[in-house]
Amino acid sequence: MSTTRKRSVLSYIPGYTNNAVLQLIIFSGVAFVLLGLSWGVIKIVYEGSEENFYHYFVGNIALPSLAAYKTHWWTLLTYGWFHFNGFWELLSNMLWLYCFGSVVQMLVGHKQVIPLYAYSLVVGGVFYLLAQLLPLSIPHTVGILGSRAGLMGMAAAAVTLTPKYRFYLTDTFSIPILVVAGVFGILMILNSGFYLPIIILLIGGALMGYGYIKLLQAGYRPGAWIYQFAQKAESMVTPSENASRKKQNKKSSDMLHRSYEPKSGISQKRIDDLLDKINQKGYNSLSAEEKDTLMRAGKE
């Protein structure tokens, strides 16, 4: 009998369980669909008012200006998971994520990818907020969405791990990862509109990616607590089959202990031995003779 935990629906996707890059891509796709559905609902309820869409939904997930952050503190954890500028932004970002994330995953394992990505988003967001204090920063009234800081963190992590890595497009043609990362960084800066806080957000994400790998190389595991917490939470709602079986056996054993008392011809030790066997291996582990002994003990 299997003793593994019950699997989620997504775990049946080939390669999903041990592929954190795929998990991030799927999660980002789901978030994109939810963003579209929310726009559809608000369009129906408020007759297509774009202002209401920003007010009721985007305003509560996008990273706002520093002045408004006090009343929207949770956006530091939400802004990086949604892509607002359409499907092509999502597609291009997920291709970059796959490009650099697959390298990181191959070298340090899948359990480092999601923490690295999430930390980079948070640190990039903090840098964005603090950058608005700079004298040259122009006030930004529209909140920002997107995974730019996370992608920069992943790119920096990949380069830090293996600066001499090459992407082979054919057997004889390859591109150094430093060149790919350089092109990616330039595109991110151009896409920022040269808005200083967003450029600093990119720098913050990259620094987090670099720092995360350095912590790993020093023997620390900064992302371990995330999986420990997830595992504990999962065990609370989907207990393992092994634990369920032990619980059932204990319940059966307690019932049997209450039911069976010493009878003529059957000693208490004999009954206790049989009950211990049930508790350890289950009722089906008893032989026909042992089952008959318990049955006679209960009837006498």
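Biologist: What covers the buried residues of α8?

Modeller: The model is a predicted one, and in it the cover over the buried residues of α8 includes the helices α5 (87-108), α7 (148-161) and α9 (196-217), together with the strands β1 (166-168) and β2 (174-176). The residues of α8 that are buried, each having under 20% relative accessible area, are I177, V180, A181, F184, G185 and M188. Seen down the axis of α8, these buried residues fall within an arc of 135 degrees, so they line one face of the helix. The face turned away from that buried side carries I186 and L190, which are exposed. Just after α8 comes G193, which takes a positive phi of about 70 degrees.

Among the elements that cover α8 is α5, and this helix holds W96 and F100, which, being four residues apart, are separated by about one helical turn. A search of the whole structure finds ten aromatic pairs, and one of them is formed by W96 and F100, whose rings are stacked, with 5.9 Å from centre to centre and 10 degrees between the planes. F100 has a relative accessible area of 1% and is therefore buried.

Terms used. Residues are numbered from 1 along each chain as its sequence is written. This is a predicted model: local features need pLDDT of at least 70, side-chain atom pairs count only at pLDDT 80 or more; totals for chains, interfaces and linings use all residues. Side-chain values use heavy atoms; hydrogens and water are left out. Buried means under 20% relative accessible area, exposed over 50%, partly exposed in between (1.4 Å probe, protein chains only). Helices (H or I, at least four residues) and strands (E, at least two) are DSSP runs, numbered from the N terminus. The arc is that of the directions from the helix axis to the C-beta atoms. Contact means heavy atoms within 4.5 Å. Rings of Phe, Tyr and Trp (its six-membered ring) pair if their centres lie within 6.5 Å; planes under 30 degrees apart count as stacked, over 60 as edge-to-face and the rest as tilted.
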